[in-house]
Amino acid sequence: MDFGFAEEQDMLRASARDFLARECPKAKVREIDRDEKGYDPQVWHDMARLGWIGLVLPDEYGGMGASFMDLAILMEEMGRNILPGPFFSTVALCALPLLEFGNDDQKREYLPQISSGHAIWTFALTETSGRYKATDVSLRAAREGGDYILRGHKLFVADAHIADHILVVGRTGESTSPEDAITVLIVNARDPNIRIEPLPTIGGDRQFEVSFDSVQVPSDSVLDKVGRGWNIAEFVLQRAAVLKCAEMCGACQAVLDTTNSYAKERIQFERPIGSFQAIQHKLTDMVIDLEAVQYLLYQAAWAISVGSPSPWQISAAKAKANQAYQRICIDAIAVHGAIGYTMDDDIGLYYRRVKAAEYAAGDSDLHREVLAAGLGLQVS
Amino acid sequence: MDFRLGEKELALKEEIRKFAEAELPADLVRNTLIDGEFRDFEFEMSVSRKLAQKGWLVMSWPERYGGRNASLFEQTVYEMEIAYWGIPGAWMGISGTQWVGPCLMMFGTEQQKERYLPSIASGEKDGVWCTCYSEPNAGSDFANIRTRADREADDYIINGQKVWTSAAHRARWCWLAARTAFNTAKKHQGISIFIVDMKSPGVTVNPILNYYGRHHFNEVFFDNVRIPASNLVGEENKGWYYLMQSLAFERRSLAPTTYGACRRIVEDLARYAGQTRYEGQPLSQNAVVRAKLADLAVDLEVLKMFAFQLAWRISLGQIPTYESSRNKVMSDDVMKRVAIVGTEILGAYSQADPDSEWAKLDGAIQGAYLGFPGQAIAAGTAEVEKSIIGQFRLGLPKSY
């Protein structure tokens, strides 16, 4: 066993940390919070030039050919800085399944645009149930002539307002099993029959209700095969769960660092509050939560990197991250006292994003089900 | 990075499984898991000898002392599996294989190594050790020990009282921390380590029964116990340094053993839930039961990662500062929750005496439930360990 990073991975982390500290200070995060676009196009294009958007895409599609673990490291740093923008939607939710399931024409057409920063993508799965199972998908994609006609609503679609394309999970037929007859379609987000309405969130990230009112999609827009879409959705949920976990891990690290510094500086009773055991032990619980997330994350990401992904490891990582990120933020506010509850303090920026992270790529219930099945508990 | 176990570790797991199935009585678990004390000492020692014959008992020791230089990863897997199967006899008392032997190799004289290591390595009764650290006024404040060793010609004379001494009633030897200098600037500066023959005149061992009547602890009195000066380990008054090393060895193996024991319980609970029907369906289909067991599985996985991460750091030659404390806190937490969730899943049956015919899962849950509060205190309370993490991982002021 080897828990160490390769030298190039340390370098990637260091350069990402430098870049993000410079280009995405908290003042910028707050500014973007108020901005309609929800991201900084200049930073986006800089990241494309650095090769980050196509980090794991092969050279022939303008990418860097790096490993999934490298991508996790990069996203950990993005999470540390809570970089706003469509990186997760474009890369984790769309570029990865396009690369895995796309045909040659689709990959040649779409992936270079993604690598170069010229196309933003997002993924539409969740509907009114707010959950992620095949039974939750009811959007219809009916075959009419050579096209599919999409009718239905998607909720919590990230970055839809700036997306060029949406991967839409829809039903292309009737079936006895909810997983069958689901198909993923590549849809032009600018189609006039698509209505994109903001779904304002407490996190300040950009999520939307996307309505498909007889949206006509040519049949060559099917990703992989008709009726095989749930396989893709599961792939996306698993990969994205790990990458979201990486973001959360970076965020946990930042919150702990900030809180630890504060505990050393803040004087009460003529002593730094960090000298009190009541405070130290909260910080220690945060350390243990953070390191728990780190190692579960690295294990899951590493397994994907070497081609043996483990749904069980992935679910363990995301379930733990969901619990830890929330707990760390709540304790961090407690250690800060009232200042942690203000707009001016950074902790609130992290705390407000807890729910967005928790409900991205599967909530704890979903992941617990994977874990329970892994223990051999019969499924009802 | 690489999170795979090697061929050796995987083969070892399989061999231990076969060993456990061949050597252990089917109902042994009720006596062993968590609680750690085997009622049948002769049986325990017979297993020690078999473990030695298998080359497992001191696998990570060098060949010249009876080991085979196994990696710390192999050792970690061994500890996990020993605890998983509830195999007795692996520790030679609680300390022979785990910290007395390794510390003697680091700090002992050649004569001491030759005298004491072979009997530990071969699983003989003569190699069973206890560890005399705690005293009535030296618990978490360990450096406050008062037991004294006074030099008299070629001997030391030991006087004092130790408490919470596990396995003292079975041990041939004692690994003793005693004070050799008084009025030092700091109280940890005057401590030395000694080897004491438990058969020496003046040694008295009194049992302390725990709250469910088991005899694991003892109090040990030293009344003018004379030991040869050659039984001093290392240098006089340098004992604190050796103690920190021995505690590091002790705490390292906590996560692997807790992981193994708790993994077994969670698997047993999952099987129980599948076989137990309530309101027309197996308990395993109950959403609450599923969620509780899934949560335990996550934290077990964390504990496993922590165990291997610590082994990895030590195997790189690094000296971990806070990881052993982290692992202790996590181990305590996992054990507590496994025990409590276990009782919730067994329901009213969780109160049945572990030896009664009403006990489910051979009494393993009761053993865990009765055992965890004590385990959480041994080798450093969670509060002390968290303060160590605060100091060494977070750079916060010493708070104790």
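Reader: Let's start with two helices of chain A: within what distance do the axes of α5(A) and α7(A) come, and at what angle do they cross?

Author: Happy to begin there. In this predicted model, the axes of α5(A) and helix α7 (residues 229-265) of chain A come within 9 Å, and the crossing angle is roughly 135°.

Reader: What makes α5(A) oblique to α7(A)?

Author: Angles over 145 degrees count as roughly antiparallel and 65 to 115 as roughly perpendicular, while the rest beyond the roughly parallel range are oblique. The angle here is roughly 135°, and therefore α5(A) is called oblique to α7(A).

Reader: And which hand does the crossing of α5(A) and α7(A) have?

Author: The crossing of these two helices, α5(A) and α7(A), is right-handed.

Reader: Which residues of α5(A) meet α7(A)?

Author: From α5(A) come F88(A), A92(A), L93(A), L96(A), P97(A), E100(A) and F101(A). They meet I232(A), F235(A), V236(A), R239(A), A240(A), L243(A) and K244(A) of α7(A). Sorted by class, the residues of this contact are eleven nonpolar and three charged, with no polar ones.

Reader: Let's step back to the domains. How is chain A divided?

Author: The domain assignment gives chain A domain 1 (7-120), domain 2 (123-228) and domain 3 (231-374). The centres of domain 1 and domain 3 of chain A, taken over C-alpha atoms, are 21 Å apart.

Reader: How do you know that domain 1 of chain A touches domain 3 of chain A?

Author: Residues are in contact when their C-beta atoms lie within 7 Å. By that test, 21 residues of domain 1 of chain A are in contact with 25 residues of domain 3 of chain A. On the domain 1 side, α2 (26-34), α4 (68-80) and α5 (87-101) of chain A each supply at least two residues. The largest share, ten residues, comes from α4(A). By class, this side of domain 1 of chain A has 14 nonpolar, two polar and five charged residues.

Reader: Now chain B. What are its domains, as assigned?

Author: Chain B is assigned domain 1 (7-128), domain 2 (130-238) and domain 3 (244-392). The centres of domain 1 and domain 3 of chain B, over C-alpha atoms, are separated by 21 Å. The contact takes 21 residues from domain 1 of chain B and 30 residues from domain 3 of chain B. α2 (29-32), α4 (72-85) and α5 (96-107) of chain B are the elements giving two or more residues to the domain 1 side. α4(B) gives the most, nine residues.

Reader: R313(B) is found in helix α9 of chain B. Why does R313(B) count as partly exposed?

Author: Buried needs 20 or more C-beta neighbours, and exposed needs 12 or fewer. R313(B) has 19 inside 10 Å, so R313(B) is partly exposed. Apart from neighbours within four places in sequence, R313(B) is in contact with Q318(B), P320(B) and E323(B). The C-alpha atoms of R313(B) and E323(B), ten residues apart along the chain, are 9.3 Å from each other.

Reader: What makes the phi of A167(B) worth a look?

Author: Most residues other than glycine have a negative phi. A167(B) is not a glycine, yet its phi is positive, about 60°. A167(B) is in the loop between β3 (155-162) and β4 (173-179) of chain B. With 22 other C-beta atoms within 10 Å, A167(B) is buried.

Reader: And what is the phi of N237(B)?

Author: N237(B) has a positive phi of about 70°, and N237(B) is not a glycine either. N237(B) is in the loop between β8 (232-233) and α7 (239-252) of chain B. N237(B) has 16 other C-beta atoms within 10 Å, so N237(B) is partly exposed.

Technical notes:
Residues are numbered from 1 along each chain as its sequence is written. Chains are lettered from A and ligands numbered from 1 in the order in which they are written. This is a predicted model: local features need pLDDT of at least 70, side-chain atom pairs count only at pLDDT 80 or more; totals for chains, interfaces and linings use all residues. Domain bounds come from an automatic or database domain assignment. Two residues are in contact if their C-beta atoms, placed from the backbone, lie within 7 Å. Helices (H or I, at least four residues) and strands (E, at least two) are DSSP runs, numbered from the N terminus. Ala, Val, Leu, Ile, Met, Phe, Trp, Tyr, Cys and Pro count as nonpolar, Asp, Glu, Lys and Arg as charged, and the others, Gly among them, as polar. Axes are lines fitted to C-alpha atoms, for helices over the stretch in contact, and angles run from 0 to 180 degrees between N-to-C directions. Angles under 35 degrees count as roughly parallel, over 145 as roughly antiparallel, 65 to 115 as roughly perpendicular and the rest as oblique. A crossing is left-handed if the near helix is turned anticlockwise from the far one by less than a right angle, and right-handed if clockwise.
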